[in-house]
Amino acid sequence: MPQSLQNNTAAYELTGIVKDESGTPISGVLVSLQEESGTIRTNKAGVFKLQILKSDVLIFRHTGYKTQSVLMESGAKNVTIIMKSLLSGEEPIDVAFGSYPARKIPAAFSKIDEEVVRKNAVNTIEQSLNGTLSGLYSISNGGQKFGKSNYEFYVRGVATTGNANPLILVDGVDGNINLLDPKEVESVTVLKDASELAMYGMRGANGVILIKTKRGNKSVDFMNVDIRTGFQTPSYISDKLNAYQYTKLHNEANTNDGNIPVFNADNYLNPVDPYRYPDTNFPDKFLRKDTQSAYQNLNFSSGGGNDIAQYYCLVGYMKQGGLFTVPTQFGDSNQTSNERYNFRTNIDVNLGKGFVLNTNIAAINDKRKSPWLGSTNNVANSNNILFNSIMNTPAIAYPIINPDESLGGTSEYQSNILGVLQSGNRDEITRQLSVKIKLSKDLSEILKGLSANAIYSFENYNSYYEGRYNRFAVYQLGPDGTYTKYGVNDTKVTNTGGQMSDFYSDVTIMAGLDYNATFGNHQVTTNIITNQYTSNISGDNPDYKWLGTSGRLLYGFKNRYYAQLTGSYQGNNSYATGKRYGFFPAASLSWIASEENFLKSSKIVQNLKFRASYGVVGNDMGSPRYMHRQAYYQSNGYGFGNPNGNVPGVYEGTLGNPNATWETAYKANVGLDLSVFKNSLTFSADYFHENRNNILVSQANVVPELIGINLPMYNAGKVSNKGYEFQLNYSKKINNVLIRTGGNLTIAKNNVLDLKEVAYSQQEQYRYRQGNQVDTRFGFVADGIYQNKAEIDASGLVSSYGNLTPGDIKYKDLNSDGIINDADRKAIGNTLPKTIYGIHLGIEYKGFDFYSFGEGATDYNVHIRPNQFSTYAYDNRWSAENSTSQSAYPRLSLISTHNQQTSTFWQEKGNMFRLSTLEIGYTMPDEVVRTISLSKIRLFFNANNMFSTVSSRENRDFEASNAGYSEYPTMKTFLFGLSVNL
């Protein structure tokens, strides 16, 4: 019962029943009092009971039905509420510069809501985008990076050799999503075809990701506390050789090179002196493998309002620990950690006379702590550098502590890991402030359905580091018992700091008109908006500026036929005067067949919609600036005369290209959307095709170097990209069990049409990138391992990468010139998956809920070449004593690089499936929760990244193959949570 009614004698109990338009009771309808936080649900018979006052306003909400407000003026104690069904596709969808009902939009898009974001994200919103949105490729580019982006995004694959990353907008303007709290996000929408992307002009060809943050609702007030706590543990940390194994392999590599062994391996088999013959397991000493890294997350959010103002507010805190540690006998160390504070408030105010003010304010303070490795390394790199050092420092390198308790080390290994962890730390602090102000004016007094709006937003992002450290020396124990010192001991703490290079300040200004009207069977929606985006980045760089006007004309007839024209005229200050602006048009059509008479009365089909679009979009993201200008540089001068003098000089740099322009994408899309069985089963399918022209290529391929000057890149490359998308979802309540399941599948394949490559002979046609994918890996074709010298002699081949010796990989001489060199490299596989998919399953039963999500990728290749001093090499190597053509690792060598080349020998078919999320929760019954004056209590357990398929070589991750090997590992996360609505 709402708090305001508990002591009010005028309150009385209202009993009601909620039905649909056919008279069937609806269970699970949320019933609340306007401007109150308490909510109840109707029972199986659609009945509810609630303490109210006369003149209270009741709000009824349920999925698939229009939200309904009912004023209780009569004092009636029994009411019947009829809820009207939403038309299929009537829910609003964020599109370019606006939001429209889904049924009206002829565009291809995919969307997830806040529930999917919350369940799949741990500490960044990026984690929730893996496999959840059809058409969106989310590729992890390494192990976990504290507070830094760890993903590359592609929409419908890759269609360029340049920058293929999509444009990411937060509430319609450019924004950084790395540090967003997942709890402040309401939805994520991906725009994929030209009908919407054309409005973004030369910034839209790679697709657009729209992040929408939460806002207040005048229907109900709420306060929520969400607490999560748990731990993280590495998904994988590779094995490491002990001292005996290392020295044995090192000796073998020396012997293979014709040199004598340098170690007596037996000294390390049962060492009698661990200081002179150390066997240090650095990962066991300095990584938390058996214990866990703590994780904490706390959020408080509140929202609500009335007819005049609505608000949403969030305060969030997150902290996660790192893997680095030291043995307890050596004292404390400076731990790696990431700590973040988020604040957001979104306010909407009706100012009267048709004016509405919307404000978004978000502030973030992020602190990333790492061991001190120098001022030039950011935290992400510091973690990888230190992890790599722990994993790849040989066990024989040095004892951690000498007999006299000094730090061990040698001339080669002067960075004793214990010394590094205890000598100092570095804090990288990031502060981000985002403000967006929108003022709208209803101009119905001029023309009904007309409105105007203006937007101003800015985002400031600033990072700096603070370091505290002291220098330390290491000591090597000699045979005579004396020590050799390397480095300098300095117990004085040095404090330092500086600005990071990722500073930026972005400003967006927009102004536009919107018009929406209905004339009988005709619907007209149009908007035009002028926008300017300016970005100022660190360093001596002029501002980046984009200025343009975008427009939309959407016409609907009889609520079933829609035609849309969109476009933009946009310019970029990086191009030559007179060549800065371009026009980007698009057209699209849709037909809602389910509104036709032959389907309108169908009890099976609720929605059947066909879509088609075609348009032109640009891509200037990542293009070099001012390519049209001739560059000149001041040299050290020219010396002449007696005595010799020096006169400063200037020389020509890269020639200017006055015709430099953006990439042009011609995009086509056809698709359909289908809903059947009372919208319980929905399906969508799309076919897309794109031709990307004007891709920048090098003139060095077609102009000889004897010209004597650097030539500019020019727009001549061509790439095509095409594929299919499918989305299927099913939702059904059977008695007390609600089942939600579904999945998505995207298949995309690109093809290089022309990159103006060097002309190859008829015999070397295999060297062309043309005809292959943009992401194709080139390398040698392996054909086993040479078993003896006779095989080498019979081949008649020589290698440019070292003398061929038994145990080396056989490479095919593709041009038959008798030499293995770069001319024998060909396309051996693609690195970007052609096929990606995601599947989910959710079950709810009497307060209990279960959710699982998995993602996968196929049709690609990974290249995994283990270190020659790895456990894998030790167990699977070729040797003269154990030679076999089936050896998984060739001979060892300290000199030859022949076996280290990219080749099919190290290639493996990628087939990744990851169980990304598993969540089990329990929501306490309403009647129990109301007795303690609360609205909702939910307990849950969430596990993230629990399982993933791995490669046959060293159990490497198919997506981030170096994670846990030479880079900081990906993490499994296990969380216990409590969510309370006050």
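## Model

The structure is a predicted model.

## Second largest pocket

The second largest pocket has a volume of about 1,300 Å³. Its lining comprises 39 residues. Those nearest the pocket centre are Gly175, Asn176, Tyr504, Tyr533 and Met621.

Six strands each supply at least two residues of this lining: E12 (151-155), E13 (167-170), E23 (450-471), E27 (504-519), E28 (522-537) and E29 (544-557). By residue class, the pocket lining holds 16 nonpolar, 13 polar and ten charged residues.

## Second largest cavity

Searching the whole structure gives six cavities of 30 Å³ or more. The second largest cavity has a volume of about 220 Å³. It is lined by 24 residues. Val170, Val173, Arg344, Ser434 and Glu459 are the closest to the cavity centre.

Strands E14 (173-174), E21 (355-371), E22 (424-442), E23 and E27 each supply at least two residues of the cavity lining. E21 gives the most, with five residues. The cavity lining divides into eleven nonpolar, seven polar and six charged residues. E23 and E27 also each supply at least two residues to the lining of the second largest pocket.

## Glutamine 570

Glutamine 570 sits in strand E30, which spans residues 561-572. Is glutamine 570 buried or exposed? Its relative accessibility is 5%, so glutamine 570 counts as buried; the cut-off for buried is under 20%.

A polar atom of the glutamine 570 side chain lies 2.9 Å from the backbone nitrogen of methionine 202. Leaving out residues up to four places away in sequence, glutamine 570 touches Tyr200, Gly201, Met202, Arg203, Asn531, Trp546, Leu547, Gly548, Arg580, Tyr581, Gly582 and Phe584.

## Aspartate 226

Aspartate 226 belongs to strand E17, residues 222-234. Why does aspartate 226 count as buried? Because its relative accessibility is 1%, and buried means under 20%.

The side chains of aspartate 226 and arginine 228 are joined by a polar contact of 3.4 Å. Not counting residues up to four places away in sequence, aspartate 226 touches Lys183, Asn297, Leu298, Asn299, Phe940, Leu978 and Ser979. Lysine 183 is 43 residues from aspartate 226 in sequence. In space, the two are 9.1 Å apart, C-alpha to C-alpha.

Technical notes: Residues are numbered from 1 along each chain as its sequence is written. This is a predicted model: local features need pLDDT of at least 70, side-chain atom pairs count only at pLDDT 80 or more; totals for chains, interfaces and linings use all residues. Side-chain values use heavy atoms; hydrogens and water are left out. On a 1 Å grid over the protein atoms alone, a cavity is a set of points where a 1.4 Å probe fits but cannot get out, and a pocket is an open set with protein on both sides within 12 Å along at least five of seven lines; lining residues have an atom within 4 Å of a point. Grid points are joined across faces, edges and corners, and a volume is the space filled by probe spheres set on the points. Helices (H or I, at least four residues) and strands (E, at least two) are DSSP runs, numbered from the N terminus. Ala, Val, Leu, Ile, Met, Phe, Trp, Tyr, Cys and Pro count as nonpolar, Asp, Glu, Lys and Arg as charged, and the others, Gly among them, as polar. Buried means under 20% relative accessible area, exposed over 50%, partly exposed in between (1.4 Å probe, protein chains only). A polar contact is a pair of N or O atoms within 3.5 Å; within protein, one must be able to donate a hydrogen and the other to accept it, and residues adjacent in sequence count only if both atoms are side-chain atoms. Contact means heavy atoms within 4.5 Å.
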